[in-house]
Amino acid sequence: MLTIVAFVVALGLLIAVHEYGHYRVAVACNVKVIRFSIGFGRALVRWKPRRPRPGQDTEFVIGAIPLGGYVRMLDERESPVDPQERHRAFNTQPLGSRAAIVAAGPLANLLLAVLLYSVVNWIGVQEPTAVLGQPPAASLAAEAGLRGGERISRAGFEGDLEAVESFEDLRWRITRGALDGRDLTLEVAAADGRPPHEVVLPLSRMGAKEADPGMFRRIGVLAPFTRPAIGELLPGGAAERDGLRQGDLVLAMGADEIVDAQQLRERIRTAIGADGGRTEAWRVERDGRVLTLEVTPDVREEGGQRIGRIGAYVGAPPEMVTVRQGPVDGLWRGAVKTWEVSALTVRMMGKMLIGEASIRNISGPLTIADYAGKSASLGLTQYLVFLALISVSLGVLNLMPLPVLDGGHLMYYLWEALTGKGVSDAWMERLQRGGVALLLVMMSIALFNDVNRLFG
């Protein structure tokens with residue numbers, strides 16, 4: 001139920017803001033707006049304001065299908081217009097006014113993203129500190145000399161280093177670098193107290209086509225550092241059976257020194273043999289004493305693979321930090337984040353067109369609904385971040401030069417500005433058909449990706 005509610009609220013808000021952008025600029029340009037609709041199909045609710053704007057008699061509607069919306073304006077191309085109101089028809093407006101009305105919808109979504117990111121910055125959010133867990137062997141981080149436990153204080157591209165506020169901040173920079181093919185320089189404070197030094201993550205070697213868990217595994221930055229402590233034990237599990245206790249700090253498994261909980265979980269998963277779990281000597285610290293215990297994980301089948309389990313929560317909570325900015329800094333960072341996400345989205349679209357990025361990056365309504373529910377379950381700030389990301393995507397998508405989208409209409413107006421005449425009706429019809437066909441292909445790919453991502 002939470003997923004459905006979060007999804008409907010997200011769609012309703014983002015569509016309403018988009019259409020309000022069109023509506024508000026149309027009113028400012030003295031264009032008569034006939035209907036403002038959120039959703040399509042049969043009208044569930046309809047009303048007119050008791051005090052309408054001067055010269056407006058707009059009907060507001062909530063439709064039965066909440067997958068879009070529209071603002072219907074007076075237009076001679078759609079129906080006859082009273083000569084006395086012809087000056088208020090959309091098609092009779094100057095080129096600049098028409099372009100402003102069309103561009104206002106996507107721009108409203110981008111402004112909403114700035115506001116949402118700013119609100120998150122002002123509220124503050126609890127995030128793990130930028131301390132690295134142990135990287136997998138043969139990953140870029142391991143090759144760069146990182147071993148786990150390092151605190152990242154600054155990071156940047158081309159030597160321009162900026163303070164890293166949290167682990168999520170670091171992951172965002174890594175994502176940008178991997179998808180853009182740029183190396184990321186890290187300023188590292190080692191766990192053993194050595195002076196800070198710089199390490200370069202050669203992300204340009206990745207050739208990453210999509211941001212997925214596999215990409216971060218190859219880079220070697222999977223999760224923040226957490227102490228390899230044993231948490232709550234399940235009755236009858238291997239941990240209880242072999243003498244482990246809640247609060248034990250694992251120092252080593254066999255000959256391998258354990259650095260953090262991520263490494264410990266990986267070692268437990270792979271501690272299996274032909275006949276079951278592999279018995280190893282665990283060195284643990286308990287109440288200031290170091291003990292050695294023989295532990296044999298249980299073997300479970302998950303996803304067609306045999307993995308080891310000990311029947312206990314593994315890992316202490318990560319060290320957290322509150323990331324919060326003041327009014328001006330928060331607003332500025334909201335604008336910068338919106339710009340960065342928009343630019344990354346455009347670059348990814350361009351790479352998908354030339355085959356340098358996978359079309360699996362395209363997501364549809366099922367994935368959006370899934371993430372809406374997950375983000376809402378994590379709290380208000382995470383849900384606001386989700387809304388901001390989707391608002392940016394909606395704004396950028398609508399600016400694409402497809403005939404059925406706002407960006408396509410802006411291309412018509414660019415042609416009119418360059419040639420002095422509008423696109424002919426015949427060409428308009430051909431372009432609209434082509435745009436609809438291309439949009440249907442994109443929607444099919446998105447739905448296929450959704451099904452494959454959620455159920456494949």
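**Close-up views of a predicted model**

View 1. Setting aside residues up to four places away in sequence, R267 touches M253, D256, I258, R278 and E280. This close-up, like the others, shows a predicted model. R267 belongs to helix 7, which covers residues 261-269. Its relative accessibility is 13%. Buried means under 20%, so R267 counts as buried.

**View 2. Strand 9 and its two partners.** Strand 9 spans residues 249-253. Four of its five residues are buried, so the strand is largely enclosed by the rest of the structure. Strand 13 (residues 280-286) is one partner: it runs antiparallel to strand 9, and four bridges join the two. Within this pairing, V250 faces V284 of strand 13. Strand 10 (residues 256-257) also runs antiparallel to strand 9, here with two bridges. A252 has E257 in strand 10 as its bridge partner.

**View 3. The hairpin turn between strand 9 and strand 10.** The two strands form a hairpin with two residues between them. G254 sits in the turn. Its phi is positive, at about 60 degrees.

View 4. Strand 4 covers residues 151-157 and pairs with strand 5 in the antiparallel sense, over four bridges. G156 stands opposite L161 of strand 5.

**View 5. Y20 in helix 1.** Helix 1 runs over residues 2-28 and includes Y20. Is Y20 buried, exposed or partly exposed? Its relative accessibility is 41%, so Y20 counts as partly exposed. Leaving aside neighbours within four places in sequence, Y20 is in contact with F36 and R53. V436 lies 416 residues from Y20 along the chain, and the C-alpha atoms of the two are separated by 24 Å.

**View 6. A nonpolar surface patch that includes M1.** M1, I4, V5, V8 and V9 make a nonpolar surface patch of about 500 Å². M1 lies in the segment before helix 1. With a relative accessible area of 75%, M1 is exposed.

**View 7. The whole protein, for orientation.** The protein has twelve helices and 18 strands. Its C-alpha trace spans about 95 × 45 × 40 Å along the principal axes. Of the 456 residues, 45% are buried. Among contacts with a separation of 6 or more, 65% are between residues 24 or more positions apart. The accessible surface comes to about 24,100 Å², and carbon and sulfur atoms account for 59% of that surface.

Conventions:
Residues numbered from 1 in each chain as written. Predicted model: local features only at pLDDT ≥ 70, side-chain atom pairs only at ≥ 80, totals over all residues. Heavy atoms only, no water. Pairing = 2+ DSSP bridges. Buried < 20%, exposed > 50% of the residue type's maximum accessible area, 1.4 Å probe, protein only. Contact = heavy atoms within 4.5 Å. Patch = residues over 30% accessible without salt bridge, like charges linked within 9 Å, V, L, I, M, F, W, Y side chains within 5 Å. Areas by Shrake-Rupley, 256 points an atom, 1.4 Å probe, with all protein chains shown as cover. Salt bridge = Lys/Arg side-chain N within 4 Å of Asp/Glu carboxyl O.
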